[in-house]
Amino acid sequence: AMDSDLRARRALERDLRTAFAKEEFKLVYQPIVSLATNRVCAFEALLRWPHPEHGLIPPDKFIPVAEEIGLIVPITEWVLKTACAEARRWPQHIRVAVNLSPVQFRRRHPLQPIIHALAVSKLPANRLEVELTESVFLQAEKATVEALHELRAFGVRVAMDDFGTGYSALSYLRNFPFDKIKIDRSFINGLGQRDAEAIVELISRLGARLDMSTVAEGVETDEQLAKLRELGCSEAQGYLFSRPVPAA
Ligand code: C2E
Ligand code: MG
Ligand code: MG
């Protein structure tokens with residue numbers, strides 16, 4: 001059994017490298033809606049891998065492997081370049097959000113690909129948002145915090161993704177000023193239950209007090225949307241508005 005697992009894993013690594021070389025990856029975009037204006041304010045770029053034999057492989061399956069073999073670095077460069085070039089063609093009030101791997105921040109010049117993508121695409125820095133998960137901060141070295149400050153000074157917005165899961169310490173919000181907090185889908189899913197509602201309300205108020213916008217992830221029903229307005233959340237994203245779709 002171990003032998004066959006290992007072989008499957010090796011095959012996945014090999015296919016990933018081939019897919020990158022052959023430019024088989026695709027980006028899809030999911031709208032984020034402002035609850036104040038009811039208009040789309042941004043699109044999140046999400047990576048897709050249509051495998052020639054196994055069909056669509058979800059990012060949760062292949063990104064961890066790409067991180068382990070270091071391929072996430074060139075993949076992220078490609079994502080940034082593609083998403084910025086795409087966003088340049090959109091109306092000016094619409095931003096694009098890109099997910100960054102924590103691996104990115106363990107390298108020597110973590111901002112270089114971001115600045116490069118902005119320069120090449122001529123997308124203004126304030127139209128780019130980067131989404132980070134708390135794993136970036138787990139081993140928060142001074143260099144990481146400095147890099148993120150530098151990124152914000154440059155005009156790029158920084159969002160904390162999947163907030164409320166894992167170790168999400170409140171101290172991260174103090175040590176690093178985010179522009180945006182994305183409330184994890186599991187809490188939105190739980191709306192209607194007292195505990196989940198209390199948590200969403202707390203995060204929304206906290207965001208407002210700290211001048212950070214709050215985004216509800218995974219909004220699927222009108223009831224959830226109405227509740228989110230009531231609780232003071234500022235933006236929403238989910239299948240209720242649209243699934244992630246190709247740019248066209
Ligand atoms: P994420 O950044 O939290 O992205 C949101 C995920 O929730 C996406 O899954 C999206 O399709 C899904 N989603 C959105 N609305 C709904 C909804 O209403 N209901 C449900 N059930 N799901 C919803 P996806 O595209 O499979 O991506 C999964 C994760 O993979 C992302 O979570 C992100 O962490 C990672 N990922 C995706 N693209 C990239 C990338 O380009 N770079 C890196 N480093 N990570 C990426
Ligand atoms: Mg995200
Ligand atoms: Mg998320």
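Analyst: At 47% relative accessibility, Glu-146 counts as partly exposed. Buried means under 20% relative accessible area, exposed means over 50%, and partly exposed lies in between (1.4 Å probe, protein chains only). Keep in mind that this is a predicted model, where local features need pLDDT of at least 70, side-chain atom pairs count only at pLDDT 80 or more, and totals for chains, interfaces and linings use all residues. Residues are numbered from 1 along each chain as its sequence is written, chains are lettered from A and ligands numbered from 1 in the order in which they are written, and side-chain values use heavy atoms, with hydrogens and water left out.

User: Which side chain does Glu-146 meet in a salt bridge?

Analyst: Here's the general idea: side chains of opposite charge can pair when their charged atoms come close. We call it a salt bridge when a side-chain nitrogen of Lys or Arg is within 4 Å of a carboxyl oxygen of Asp or Glu. Glu-146 pairs with Lys-142 (4.0 Å, N to O), and Lys-142 is exposed at 66% relative accessibility.

User: How many residues apart are Lys-142 and Glu-146 in helix 6?

Analyst: An α-helix has 3.6 residues a turn, so residues three or four places apart point the same way. Lys-142 and Glu-146 are four residues apart in helix 6, so about one helical turn separates them. Helices (H or I, at least four residues) and strands (E, at least two) are DSSP runs, numbered from the N terminus.

User: How many salt bridges does the structure hold?

Analyst: There are 16. One of them joins Asp-3 and Arg-7 (2.4 Å, N to O), again four residues apart, this time in helix 1 (residues 2–21). Arg-9, Arg-10, Glu-13 and Glu-68 even link up in a network.

User: Which residues of helix 4 are buried?

Analyst: In helix 4 (residues 112–121), they are Pro-113, Ile-114, Ala-117, Leu-118 and Ser-121. They sit on the same side of the helix because they cover an arc of only 135° around the axis, taken from the directions from the helix axis to the C-beta atoms. Exposed Ala-119 and Val-120 are on the face turned away from that buried side.

User: What covers the buried residues of helix 4?

Analyst: The cover includes helix 3 (72–87), strand 5 (128–132) and helix 6 (142–154). Contact here means heavy atoms within 4.5 Å. And just after helix 4, Lys-122 takes a positive phi of about 60°.
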